[in-house]
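Open the model in your viewer and keep the selection tool at hand. We will go stop by stop, selecting a few residues each time.

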Protein chains: 2
Amino acid sequence: MKKTNVLYQHGTLALLVPGLLAGTLKMEDLLKHGDTGIGTGEGLDGELIILDGIAYQVDSAGKVNLVSPEFTMPFANSHYADYQKVTTIANASPVDFEKAALQGRPNSNTFFSVLVKGTFSYMKTRAVVKSERPFSTLAETAQKQSIFEAKDVTGTFLSYYSPALFNGAAVAGYHNHFLASDHSIGGHVLDFKIAEGTLFVQTFDTLEQHLPVDNSEFSAHDFSKDDIAGIISQVE
Amino acid sequence: MKKTNVLYQHGTLALLVPGLLAGTLKMEDLLKHGDTGIGTGEGLDGELIILDGIAYQVDSAGKVNLVSPEFTMPFANSHYADYQKVTTIANASPVDFEKAALQGRPNSNTFFSVLVKGTFSYMKTRAVVKSERPFSTLAETAQKQSIFEAKDVTGTFLSYYSPALFNGAAVAGYHNHFLASDHSIGGHVLDFKIAEGTLFVQTFDTLEQHLPVDNSEFSAHDFSKDDIAGIISQVE
């Protein structure tokens, strides 16, 4: 039975901060927990988006690749789509989007996902260049990124909202990825404007947080000296 | 199939801080996720310990009661026991216990449970007096507690360790409950000394965090003004 109330997450954003970028989950295993999701590859190898059970990678050249089952990730999440249409949205800034998705609440104490299907008058994304071992910190690795921009592009915007309490495990607030219908642009969203679109929401009552306990670097790392919240707000 | 790699948690410690003490999960539902666990009842109604599938409540009079299936809880966790014996332990303080359970690591980045079966030369526990609506904050409610002490008592000490990253969702570090074999004492452990015992550990790779999304007080609460970490360290 596919549980549509569960958000599955492998790894934490916190482990990326000191550079624990080893791929510790295969895509074929992430897809056992959902048909929709986001993530990144080993060494921050591009930006991932899973739609309708198909996993895409936007690499640092801006190319959209199909992801192989053996592809490994340090951090990713997935869930089984069961979105409810909330509203149509037009001429909307990121702030407008965030308000619309929260449906009048100032914030949310639970996890939810938002999907916007439509046309974007502006889209700005990034994809990180894959780094090799020995991995540097998140702040250093994320400096090597490509920025992409497009105007008047149609596509799917996939967002996950995490409550403030779970900042560090995930990104508090919204974490947005995008894929153009014609694959001309995609990646981790830095800025956008919605021309017109339909906004769907799916609320979760459960976070299934999976940790890479068999990875010795993760198990041995002392996180107490890492500025997790500071680096996340700087990079994400 | 019983998943022995999963720690199930309903609610968060953070929601107790402002006094969101409504019972939002029934014991019969908690027991669908494990045969071993700890928690508290609505209004901080005593201290719970689940051993071998049987749920006990230590109330503020020090009495050990069997918990009914309909009993509700704001915060609790359970898992299916599959402990591995680590060591025998004798004449051990809390610091000795913590070191032994961590098996040489300075801390742990994943969740695990520890069971000590044996004789305790000293045991000091508490159980909170159930409060009624409108509920006060955790700090105020927890002031109305009974303290129990015993010497040379045999029983089961059940502990859960949570990584620092998840402080607020759970208690970072160890959270310990106890039940004497003869039910003469039990509750949330404040201090102890192990005369001699056997120490068992079970490590989890997954936290299944369930949130009371149908509770309107939880959904509407603004946690941003709550001193979650400060109150937890003061009360737990």
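Select D227(A) and G230(A). This is a predicted model, and here D227(A) caps the N-terminal end of helix α6 of chain A. Look for a side-chain oxygen of D227(A): it lies 3.1 Å from the backbone nitrogen of G230(A).

**Along the helix**

Now select residues 228-235 of chain A, which make up α6(A). Which residues of this helix are buried? They are I228(A), I231(A), I232(A) and V235(A). Turn the view until you look down the axis of α6(A). The buried residues fall within an arc of 100°, so they line one face of the helix.

Next, colour S233(A) and Q234(A). They sit on the other side of α6(A), and they are exposed.

Y174(A) lies in strand β12, residues 173-180 of chain A, 13 residues from Y161(A). Both Y161(A) and Y174(A) are buried.

Now widen the selection to F97(A), F112(A), F120(A), F157(A), Y161(A), Y174(A), F178(A) and F192(A). Together they form one aromatic cluster. Over all chains, the structure holds 22 aromatic pairs.

**Across to chain B**

Select T36(B), in strand β3 of chain B, residues 36-40. T36(B) is buried, with a relative accessible area of 3%. Show the side chain of D35(B) as well. It makes a polar contact with the side chain of T36(B), at 2.8 Å.

What else does T36(B) touch, leaving aside its neighbours within four places in sequence? Its contacts include I50(B), N77(B), S78(B) and H79(B). A81(B), Y83(B), L158(B) and Y160(B) are also in contact with T36(B).

**Where the chains meet**

Show both chains. The contact takes 25 residues from chain B and 25 residues from chain A. About 2,100 Å² is buried between the two chains, and carbon and sulfur atoms give 61% of that area. Highlight N109(B), L165(B) and D205(B). They supply 29% of the area that chain B buries against chain A, more than any other three residues.

**The axis**

For the last stop, view the two chains together. A rotation of 180°, with 0.0 Å of shift along its axis, superposes chain B on chain A, with an RMSD of 0.0 Å. The two copies are thus related as by a two-fold rotation axis. Which C-alpha of chain B is nearest the axis? Select E208(B): its C-alpha is 2.2 Å from the axis. The same surface serves both copies, as 100% of the contact residues of chain B recur in chain A.

Key
Residues are numbered from 1 along each chain as its sequence is written. Chains are lettered from A and ligands numbered from 1 in the order in which they are written. This is a predicted model: local features need pLDDT of at least 70, side-chain atom pairs count only at pLDDT 80 or more; totals for chains, interfaces and linings use all residues. Side-chain values use heavy atoms; hydrogens and water are left out. Copies are superposed by least squares on the C-alpha atoms of residues with pLDDT of at least 70 in both. Contact means heavy atoms within 4.5 Å. Rings of Phe, Tyr and Trp (its six-membered ring) pair if their centres lie within 6.5 Å; planes under 30 degrees apart count as stacked, over 60 as edge-to-face and the rest as tilted. Helices (H or I, at least four residues) and strands (E, at least two) are DSSP runs, numbered from the N terminus. Buried means under 20% relative accessible area, exposed over 50%, partly exposed in between (1.4 Å probe, protein chains only). The arc is that of the directions from the helix axis to the C-beta atoms. A polar contact is a pair of N or O atoms within 3.5 Å; within protein, one must be able to donate a hydrogen and the other to accept it, and residues adjacent in sequence count only if both atoms are side-chain atoms. Buried area is the accessible area (1.4 Å probe) that two parts lose on being put together, summed over both.
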